[in-house]
Protein chains: 2
Amino acid sequence: MDYSLFLSHITRHIDLNKEEGDYFTSLLHYKKLKKKQFLLEEGEVNTKSTFVTSGCLRSYVIDKNTVEHVLQFAPAGWWIVDMRSYVTGSPARLNIDALEESEIFYINKPDFEDLYLRIPKFERFSRILGQNSLAAYQYRQIDNVALSAMERYRQFCQLYPSLIKTLPQKQVASYIGVTPEFLSKMLNTTLI
Amino acid sequence: MDYSLFLSHITRHIDLNKEEGDYFTSLLHYKKLKKKQFLLEEGEVNTKSTFVTSGCLRSYVIDKNTVEHVLQFAPAGWWIVDMRSYVTGSPARLNIDALEESEIFYINKPDFEDLYLRIPKFERFSRILGQNSLAAYQYRQIDNVALSAMERYRQFCQLYPSLIKTLPQKQVASYIGVTPEFLSKMLNTTLI
DNA sequence: TGTTTTTCTTAATGTACCATAAGTATTTTT
DNA sequence: AAAAATACTTATGGTACATTAAGAAAAACA
């Protein structure tokens, strides 16, 4: 099993010796997801932290008009979770599924909690990760309230240049908060 | 100086002995803010973590049409920060000011970093805090994309029953993402 | 206590984006 | 390679919200 991407992601923030690395990887579960396969469905409890090593997942809600709204894309190297459900054990509001064939590692919450006690450095790791995510969520929120649809599209292209090439336009539209029809029109009308 | 609210907030998540508590409080700076006084202005670097002990602060952006959009309210017991600026040292996009006369404690970032090394339990504290904030931001984002203006208003009332009584309607409008005129109309037209 | 500032309301007009529909192109599946 | 599913485009009409303006009420200030 190839843990290299995951381990290098961890050691960007904390040092691990051989023994610590082995203990960490012993907690990991590997899973392959087919396109459209669910990792989490609304109403279930999100009991694990998931790290993507290949492919691309997404989290999204479905509103009462059955319209999907994408909250996050998770290509290789990203984590994905319904944090409220994970922390409190409440039913998830988010769905998480694979946009293409993907590979993930996940850690069950009780194992992660043990890990914090056994190797407290992981508290630091998660603290740093949490702060970075929070920064991203704050700025996404700012963009959503302060920018027009076209500006949000440009922001997306700038922030995720690799995703814009691989994702269907429909998914991008859902992320920036417009209908696919409107995005199509916008891209084919706007001259500058 | 009364540290009790702040310390009880900390000890909800980690235990501190006398010495640890003393060291922690030795890092705190107390400040009183007048109504409308700024704690952070767009373009400055957010170099401290701020905890509110009385009154109420808010963070907000100003868009290119000079409209204010409130990102967060911070009444007593809440933290407030421009996380991207704090983590990376980049210029803040957020403004933070006081909606009424308020009291805060703040910790400078270098002191907080030292605290993590000297009392690693604080890594755990911040990790938990970060996860809770992330949960809140995820769910706020969901509400923003999946709910109508009226539903967002109701959600706000449910989530912050105390704030709804004290805040000017104008500030609530800015938080839920509508103009004050529209909120007024909505509240005086909607029968149910 | 009067004056200024801020907040709230009402109403007319305007617009960014949505809903629906229907056709074409592309990808996936068999 | 055919069939089916999905993705993208174009067009028409509709709506949830914004903008502007202006007056009334309430709060802050001097």
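**View 1. The interface between chain B and chain A.** In this predicted model, 39 residues of chain B are in contact with 39 residues of chain A. About 4,000 Å² is buried between chain B and chain A, and 57% of that area falls on carbon and sulfur atoms. The size of an interface is often expressed in this way, as the accessible area that is lost when the parts come together.

**View 2. Charged and polar pairs between chain B and chain A.** The rule finds 8 salt bridges across the interface of the two chains, and among the residues shown, the side chains of B:Arg124 and A:Glu123 meet in a salt bridge with an N to O distance of 2.5 Å. Polar contacts between chain B and chain A amount to 19 residue pairs, with both residues of a pair at pLDDT 80 or more. On the side of chain B that touches chain A, at least two residues each are supplied by β5 (68-75), α3 (83-88), α4 (109-118) and α5 (121-146) of chain B, and the largest share, 20 residues, comes from α5(B). By class, the residues on that side of chain B divide into 18 nonpolar, 9 polar and 12 charged.

**View 3. An open sheet in chain B.** Four strands of chain B form an open sheet in the order β1-β8-β3-β6, with antiparallel pairing. The edge strands, each of which pairs on one side only, are β1 (29-33) and β6 (79-80) of chain B. Between β1(B) and strand β8 (residues 102-108) of chain B the antiparallel pairing extends over 5 bridges, and B:His29 stands opposite B:Tyr106 in β8(B). In general, the strands of a sheet pair through backbone hydrogen bonds, in either the parallel or the antiparallel sense.

**View 4. The protein surface near DNA strand D.** Of the 15 residues around DNA strand D, those that come nearest are A:Lys36, A:Gln169, A:Lys170, A:Ser184 and B:Thr179. Among the atoms of DNA strand D within 4 Å of the protein, 71% belong to sugar or phosphate, the rest being base atoms. Both chains contribute to this surface, with α8 (169-176) and α9 (180-189) of chain A and α6 (149-159) and α9 (180-189) of chain B each supplying at least two residues. The largest share, 3 residues, comes from α9(A), and the surface as a whole has 4 nonpolar, 5 polar and 6 charged residues.

**View 5. The protein surface near DNA strand C.** Of the 15 residues around DNA strand C, A:Thr179, B:Lys36, B:Gln169, B:Lys170 and B:Ser184 come nearest. Two or more residues of the surface come from each of α6 (149-159) and α9 of chain A and α8 (169-176) and α9 of chain B. Of the atoms of DNA strand C within 4 Å of the protein, 77% belong to sugar or phosphate and the remainder to bases.

Notes: Residues are numbered from 1 along each chain as its sequence is written. Chains are lettered from A and ligands numbered from 1 in the order in which they are written. This is a predicted model: local features need pLDDT of at least 70, side-chain atom pairs count only at pLDDT 80 or more; totals for chains, interfaces and linings use all residues. Side-chain values use heavy atoms; hydrogens and water are left out. Contact means heavy atoms within 4.5 Å. Buried area is the accessible area (1.4 Å probe) that two parts lose on being put together, summed over both. A salt bridge is a side-chain nitrogen of Lys or Arg within 4 Å of a carboxyl oxygen of Asp or Glu. A polar contact is a pair of N or O atoms within 3.5 Å; within protein, one must be able to donate a hydrogen and the other to accept it, and residues adjacent in sequence count only if both atoms are side-chain atoms. Ala, Val, Leu, Ile, Met, Phe, Trp, Tyr, Cys and Pro count as nonpolar, Asp, Glu, Lys and Arg as charged, and the others, Gly among them, as polar. A residue is near a molecule or strand if one of its heavy atoms lies within 4 Å of it. Two strands pair if DSSP finds at least two bridges between them.
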